[in-house]
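Subject: Structure handover

Hello,

Here is the structure I promised to pass on. Please open it alongside the notes below.

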Amino acid sequence: MIASHYNTKMLFHRTVLILALFVLMQIAVGCAREAVPEANNAVANAINSNRAVEPGMEGAKDNADELRTLIKLPYDPEDLAWKDFAAESGQSRRLLAVIQLTPDETRKLIDSASKIGPGRPASIPSEKWFPKELVTQSEMSSDEGIQATSYSANDLLQPPFTQGTLSHVNNTDFFVIELFAK
């Protein structure tokens, strides 16, 4: 009889333990399910936050529509990264953008810029937030900076940006746009 009572007590404890584990697992699964949408949103926000999650990308943006509020952007870029630098201690407000176009759009933009004036050789300092192709090109070059042909950016200007350059990176479909507000 004692053995039977002992077995019943052990069976009761096992049953309670199994039920407790089952309830804890259900609570854990329920909590995890609620956290997943928030985790997914955090990941999506990080991906879509204008490259802010990549090292060296602080402040860089990749939103073409937002850039169009500042400059005349005639084409939809294949790739885009840009920064708007506030005016500081005697320096004008500055906008620096890198765009990549299709080969056809590249030719059209060069033709349009050439009508304003001839291009001049230029060397553009590379920024950490530039597209990787340009950063690599700059690092592998024996020259300082990215080699380009620079044109007037008149076709891209709109207030507050009233002067600047449009530079076509040699042998690519990339352009570096540097504009200043005066």
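**The sheet**

Start at one strand pair: Ile-124 has Ile-146, in β4, as its bridge partner. Keep in mind that this is a predicted model. β3 and β4 are joined by 5 bridges and run antiparallel.

That pair belongs to an open sheet of 6 strands. The order is β1-β2-β6-β5-β4-β3, with antiparallel pairing. β1 and β3 (120–124) are the edge strands. Each has a single partner strand, so one side of each has no neighbour in the sheet. From one strand to the next, the twist averages 25 degrees.

**The chain as a whole**

The protein chain holds 4 helices and 6 strands. Along the sequence they follow the pattern α-α-β-β-α-β-α-β-β-β. The chain has 182 residues, and buried residues make up 31% of them. Take the contacts with a separation of 6 or more: 50% of them are between residues 24 or more positions apart.

**Helix α3**

α3 has 14 residues. From first C-alpha to last, α3 reaches 21 Å, close to the 20 Å expected at 1.5 Å a residue. Its buried residues are Glu-105, Thr-106, Leu-109, Ile-110 and Ala-113. Seen down the axis of α3, they fall within an arc of 135 degrees, so they line one face of the helix. What covers the buried residues of α3? The cover includes β4 (146–152), β5 and β6.

Look at Thr-106 in this helix. Why does Thr-106 count as buried? Its relative accessibility is 4%, and buried means under 20%, so Thr-106 qualifies. Leaving aside neighbours within four places in sequence, Thr-106 contacts Leu-101, His-168, Thr-172, Asp-173 and Phe-175.

Helix α4 covers residues 132–140. α4 lies across β2, β4, β5 and β6, and runs at about 115 degrees to β4.

Glu-66 sits in helix α2. Is Glu-66 buried or partly exposed? Glu-66 is at 30% relative accessibility, so it counts as partly exposed. Not counting residues up to four places away in sequence, Glu-66 touches Lys-61 and Trp-82.

**The cores**

The largest nonpolar core has 25 residues. Which of them touch the most other members? They are Leu-67, Ile-71, Leu-95, Leu-166, Ile-177 and Leu-179. Several elements give two or more residues to this core: α2 (64–68), β1 (79–85), β2 (93–100), α3 (103–116), β5 (161–169) and β6 (174–181). The largest share, 4 residues, comes from β6.

Leu-179 is worth a click. Leaving aside neighbours within four places in sequence, Leu-179 is in contact with Ile-71, Arg-93, Arg-94, Leu-95, Ala-153, Leu-157, Phe-161, Gln-163, Gly-164 and Thr-165.

Another core, of 14 residues, lies apart from the largest one. Its members include Leu-96, Phe-130, Leu-134 and Phe-174.

Best wishes

Note on methods
Residues are numbered from 1 along each chain as its sequence is written. This is a predicted model: local features need pLDDT of at least 70, side-chain atom pairs count only at pLDDT 80 or more; totals for chains, interfaces and linings use all residues. Side-chain values use heavy atoms; hydrogens and water are left out. A nonpolar core is a set of buried Ala, Val, Leu, Ile, Met, Phe, Trp, Tyr and Cys residues joined through side-chain atoms within 4.5 Å. Buried means under 20% relative accessible area, exposed over 50%, partly exposed in between (1.4 Å probe, protein chains only). Contact means heavy atoms within 4.5 Å. The expected span of a helix is 1.5 Å times one less than its number of residues. The arc is that of the directions from the helix axis to the C-beta atoms. Two strands pair if DSSP finds at least two bridges between them. Axes are lines fitted to C-alpha atoms, for helices over the stretch in contact, and angles run from 0 to 180 degrees between N-to-C directions.
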